[in-house]
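I want the overall picture first, then a few residues one by one.

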Amino acid sequence: MLKIQNYINGNFHDPLSNEWLDNYCPANGEIYGSLPNSGKEDVDNAYIAAQSAFPGWSQTSLDERSRILIRISKGIEANLDRFAEMESRDNGKPLSLAKTIDIPRAASNFRFFAHAITQFSSESHQSIGQDAVNYTLRQPIGVAGCISPWNLPLYLFTWKIAPAIAAGNCVVAKPSEITPATAYLLGDICNEAGLPKGVLNIVHGVGSTTGQAIIEHSDIKAISFTGGTKTGAHIAKTAAPLFKKLSLELGGKNPNIIFADCDYKDMLETTVKSSFANQGQICLCGSRIFVERTIYDQFKTDFINKVKHLKVGHPSDNKTDIGALVSKSHLEKVLSYIEIAKKHHTILYGGNKVTVDGYENGYYLEPTIIEVDSNDCQLNQEEIFGPVVTMMPFDTEDDVLQMANQVKYGLSTTLWTNNLKRTMRLSNQLQAGIIWVNTWMLRDLRTPFGGMKASGVGREGGFEALRFFTEAKNVCIKY
Ligand code: NDP
């Protein structure tokens with residue numbers, strides 16, 4: 001049994017209350033370990049460690065911070081197999097995916113910000129005619145809180161921690177209680193890399209207690225959060241009166257818009273991925289597919305044929321395309337949407353639980369394609385966050401633009417067309433923070449990442465993240 005502990009001040013600790021939570025393996029539905037059910041007092045200790053480390057860390061040279069981050073990156077890479085196995089067991093995602101996407105990206109996050117901090121600069125303004133010069137200092141904020149979800153556990157956890165510490169802050173972080181294992185492994189890697197004690201502290205537990213203690217801590221000055229829109233709204237409400245800096249990366253209901261003039265084969269292959277990768281549990285998945293009517297029937301046939309060949313199976317089987325959903329309660333939530341589909345729409349493919357031999361209690365579900373006749377329906381308006389997509393035809397560019405934007409979210413859009421003018425027109429008008437044209441999930445870590453409307457506030461990535469994790473102070477000198 002894996003016993004996860006909190007990582008505070010460079011050491012591993014049981015929770016002060018000695019209360020523990022069960023850790024489930026989604027592939028077989030069994031408990032395989034425990035994790036701390038940390039309380040406010042554990043968060044307070046993590047804060048004290050972070051606050052004590054801050055004066056030294058914020059004065060550590062950029063070269064030295066960069067070297068340490070590179071060593072963390074290398075430590076993750078050197079332990080790729082171990083990290084990937086833990087991630088897959090904890091989350092239910094195919095091991096192959098954890099090995100090729102999740103863990104390499106976590107290592108890249110540290111490497112990227114190790115370099116970025118040595119390139120980060122601030123502005124200077126010469127006030128001509130007033131004999132003055134202004135320069136802007138970009139100083140670390142102090143102790144930052146980083147809270148991440150279960151779908152891409154180490155990938156999203158490190159996407160926050162790396163820029164926070166690169167910028168000279170110390171961190172109190174909480175991974176999702178559903179997927180704590182790789183965050184636990186990270187503690188050892190940080191120690192081996194020579195990260196000073198207290199710079200990073202990881203406290204495990206449930207959102208409503210451990211997470212809540214972080215967001216309402218009066219001296220934690222910034223919160224970087226990725227998770228659901230409802231939780232994001234609660235965090236904003238709690239943190240705003242305390243004047244914390246806030247970065248919120250929230251849910252999505254992303255349109256995948258397919259025009260007849262696209263490169264069809266490329267579109268079809270990528271659409272299978274953008275619909276079902278990671279069991280559809282990626283905030284960027286294209287869960288609403290809109291297809292130009294002239295190719296709708298052809299697409300429907302071809303898409304179903306491709307999806308039929310996806311293998312739902314145990315995450316460690318290298319033939320598996322779709323592993324287990326993350327938890328029993330999440331599977332039930334996704335199934336509740338399929339019940340709605342049975343009553344009001346047409347299920348073109350899937351919709352059933354899958355029994356995998358030897359793992360009968362695992363949380364497996366067929367990839368599911370639902371045909372809807374209006375964008376107003378619940379299935380097109382609410383985030384399902386599972387291996388479920390809807391599809392419907394459209395006739396004109398204006399119609400599809402209206403439907404794409406007619407949703408409370410605004411995270412990403414995928415657009416398939418070879419018409420340049422149309423691409424430019426739509427990119428200007430689509431309400432989304434990220435627009436992919438003829439591709440999906442192509443990530444360059446320098447670009448701003450985040451959503452508009454109910455998909456979030458602020459941007460991560462590149463210098464945007466370093467700006468978030470620093471306070472700008474302008475100095476005006478008259479000469
Ligand atoms: P949740 O909002 O339920 O949880 C996210 C994190 O917040 C978890 O660590 C959770 O802890 C914690 N949390 C819950 N309540 C509180 C609270 N009161 N105070 C502080 N922290 C709290 O999201 P999920 O984990 O279910 O993740 C799925 C969601 O994340 C989807 O909506 C998805 O779209 C979104 N997401 C957005 C991304 C983006 O970049 N925009 C990327 C990936 C996912 P615990 O799990 O222990 O309850």
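**Entry 1: whole protein**

I'm working from a predicted model here. I looked up the secondary structure and got 15 helices and 23 strands. Next I checked the radius of gyration: it is 23 Å, close to the 23 Å from the globule rule for 479 residues, so the protein is as compact as a globular protein of that length. I also noted the span of the C-alpha trace along its principal axes, about 70 × 65 × 40 Å.

For burial, I find that 59% of the 479 residues are buried. Then contacts: of those with a separation of 6 or more, 74% are between residues 24 or more positions apart. The accessible surface comes to about 19,300 Å², and carbon and sulfur atoms hold 51% of that. On charges, I have 47 positive and 50 negative side chains, with the centres of the two sets 4 Å apart.

**Entry 2: T210**

I went to helix α7, residues 207-215, where T210 sits. Is T210 buried or exposed? T210 has 0% relative accessibility, and the cut-off for buried is under 20%, so it counts as buried. What does its side chain reach? I find the backbone oxygen of S38, at 2.9 Å from the side chain of T210. S38 also turns up in the contact list of T210, along with V43, K174, V203, H204 and G205, once neighbours within four places in sequence are left aside.

**Entry 3: H345**

Next I looked at the loop between α11 (328-344) and β15 (346-349), which holds H345. I have H345 at 16% relative accessibility, so this one counts as buried too. Not counting residues up to four places away in sequence, I get H345 touching I340, I370, E371, V372, C377 and L379.

**Entry 4: D376**

Last stop: D376, in the loop between β16 (368-371) and α12 (378-381). I read 54% relative accessibility for D376; exposed means over 50%, so D376 counts as exposed. Which residues does D376 touch, not counting those up to four places away in sequence? I get Q381 and Q406.

I took a further look at the Q406 pair. D376 and Q406 are 30 residues apart in sequence, and I have their C-alpha atoms 8.2 Å apart in space. Their side chains are joined by a polar contact of 3.3 Å.

Methods:
Residues are numbered from 1 along each chain as its sequence is written. This is a predicted model: local features need pLDDT of at least 70, side-chain atom pairs count only at pLDDT 80 or more; totals for chains, interfaces and linings use all residues. Side-chain values use heavy atoms; hydrogens and water are left out. Helices (H or I, at least four residues) and strands (E, at least two) are DSSP runs, numbered from the N terminus. Buried means under 20% relative accessible area, exposed over 50%, partly exposed in between (1.4 Å probe, protein chains only). Contact means heavy atoms within 4.5 Å. The radius of gyration is taken over C-alpha atoms; the globule rule is 2.2 Å times the number of residues to the power 0.38. Accessible areas come from the Shrake-Rupley method with a 1.4 Å probe; for residues, only the protein chains shown count as cover. Lys and Arg count as positive and Asp and Glu as negative; His and the chain ends are not counted. The place of a charge is taken as NZ of Lys, CZ of Arg, CG of Asp or CD of Glu. A polar contact is a pair of N or O atoms within 3.5 Å; within protein, one must be able to donate a hydrogen and the other to accept it, and residues adjacent in sequence count only if both atoms are side-chain atoms.
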